[in-house]
Amino acid sequence: MTNKIIPALLLCTSVLAPVSFAAAQSPTFALTLLDSKASPASGPNGHNVNELSGLAWDADDKLLYAVSDDGVLHHFRVEIKDNKIASMEPVFSVQLVTGTTPALVNAEGLAVVNGDNGVPSDGELLVAFEDGPAIHRFKPDGTPIEAVALPGTLSDVAQYNEPNSRLEAVAATSDRGIVTAPEEAMQGQPGDTHTIYGLDGGRWTFPTFQPKRSNLKAIETMPGGQLLVLERTRETKGGPSIGRLRVVDPQACAAETCTATELDAGASRLLNDNFEGMARLTDELYLAVTDKTKKETPSTEFVLFSVSKPD
């Protein structure tokens with residue numbers, strides 16, 4: 001994918017007993033942090049471009065979508081050249097409306113269905129709302145379609161430890177359908193584990209990056225069927241954030257127990273911030289985005305990175 005220009009529109013449980021896991025360093029994938037670029041502070045219609053929490057890529061329409069904590073869908077035009085973010089221009093924003101009572105606002109996770117089936121203009125967006133918990137389907141222009149039925153455990157607010165640790169991420173896989181995950185372990189689960197849930201009843205549990213202050217923020221599919229997981233860690237409560245990238249392979253799990261493989265960022269500090277959204281652009285190229293309020297500095301930042309198999 002090197003030296004190729006990519007034009008894009010960035011629109012913008014059952015109770016588990018404690019188990020022992022081994023978190024492995026990756027011998028099969030190499031992480032390379034390539035570039036970063038700040039987002040403009042506002043779009044052409046005056047919407048603030050901040051608190052971005054979900055990204056998704058439509059390969060058929062060359063569109064990248066982004067949602068924010070206040071339920072706004074943003075569109076940007078992005079050009080990637082020679083593994084650099086050459087340009088980024090906000091072109092459109094729209095407030096998402098679910099039609100529910102109470103209204104759902106806190107959009108956290110984002111995915112595309114039919115985004116790589118070779119048929120342009122047939123994609124749909126899946127948006128995970130933390131204040132539901134809920135997942136809703138939308139057309140790419142923000143038109144609501146319907147709510148997605150959740151398994152009983154995920155739809156029951158009493159199963160979550162706190163309101164801001166509900167559904168945080170969603171992905172559309174080719175072999176397991178829609179998968180989603182809360183930010184933290186649910187009631188009755190070990191606090192040092194994360195679980196990804198399939199809406200068909202599947203589940204995959206793996207250790208958090210560190211015992212405390214290790215929050216799951218995004219899930220993205222990988223070409224080989226693995227899941228790339230973004231976690232945000234802090235050494236101390238309220239301290240600086242670091243984005244951690246890890247690979248979970250559902251095919252290699254022992255029943256529901258999985259190993260998370262760490263991707264080493266090396267000396268790069270590009271992921272040292274509050275990253276919450278992530279999208280795969282090609283087989284190897286990904287974008288991650290920070291969740292920043294309009295008062296925070298530095299402002300919203302996009303980071304381009306690759307995950308590849310070493311020769």
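Biologist: Are F76 and F302 buried or exposed in this model?

Modeller: The model is a predicted one. In it, F76 is buried, and F302 is buried too.

Biologist: How many aromatic pairs does a search of the whole structure find?

Modeller: The search finds three aromatic pairs. One of them is formed by F76 and F302, with 5.9 Å from centre to centre and 70° between the planes, which is edge-to-face. This pair links distant parts of the chain: F76 sits in strand β6 and F302 in strand β22, 226 residues apart.

Biologist: How should I read the two numbers given for a pair?

Modeller: A pair of aromatic rings is described by the distance of the centres and the angle of the planes. Take F129 and F138: the ring centres are 6.3 Å apart and the planes stand at 55°, so this pair is tilted.

Biologist: Why does F129 count as buried?

Modeller: F129 counts as buried because its relative accessibility is 0%, and buried means under 20%. F138 is likewise buried, with a relative accessible area of 0%.

Biologist: Where is V170, and what does V170 touch?

Modeller: V170 is in strand β12, residues 167–173. Its relative accessible area is 2%, so V170 is buried.

Biologist: Which residues have the most contacts inside the largest nonpolar core?

Modeller: They are L55, I85, L281, L287, F302 and L304, in a core of 19 residues. The elements giving two or more residues to this core are β4, β5, β6, β7, β21 and β22. Apart from it lies another core, of 18 residues, including F29, A218, L228 and L271.

Biologist: What does L287 touch?

Modeller: Beyond four places away in sequence, its contacts include L55, L64, I85, F302 and L304.

Biologist: How far from E220 is the nearest side chain of opposite charge?

Modeller: That side chain is R280, 5.1 Å away. E220 is buried yet has no salt bridge, because a salt bridge needs the nitrogen and the carboxyl oxygen within 4 Å. E220 lies in strand β16, residues 214–221.

Biologist: Which backbone atom of R280 lies 2.9 Å from a polar atom of the E220 side chain?

Modeller: The backbone nitrogen of R280 does. Among the other residues that E220 touches are Q226, L228, M278 and Y286.

Note on methods. Residues are numbered from 1 along each chain as its sequence is written. This is a predicted model: local features need pLDDT of at least 70, side-chain atom pairs count only at pLDDT 80 or more; totals for chains, interfaces and linings use all residues. Side-chain values use heavy atoms; hydrogens and water are left out. A nonpolar core is a set of buried Ala, Val, Leu, Ile, Met, Phe, Trp, Tyr and Cys residues joined through side-chain atoms within 4.5 Å. Buried means under 20% relative accessible area, exposed over 50%, partly exposed in between (1.4 Å probe, protein chains only). Helices (H or I, at least four residues) and strands (E, at least two) are DSSP runs, numbered from the N terminus. Contact means heavy atoms within 4.5 Å. Lys and Arg count as positive and Asp and Glu as negative; His and the chain ends are not counted. A polar contact is a pair of N or O atoms within 3.5 Å; within protein, one must be able to donate a hydrogen and the other to accept it, and residues adjacent in sequence count only if both atoms are side-chain atoms. Rings of Phe, Tyr and Trp (its six-membered ring) pair if their centres lie within 6.5 Å; planes under 30 degrees apart count as stacked, over 60 as edge-to-face and the rest as tilted.
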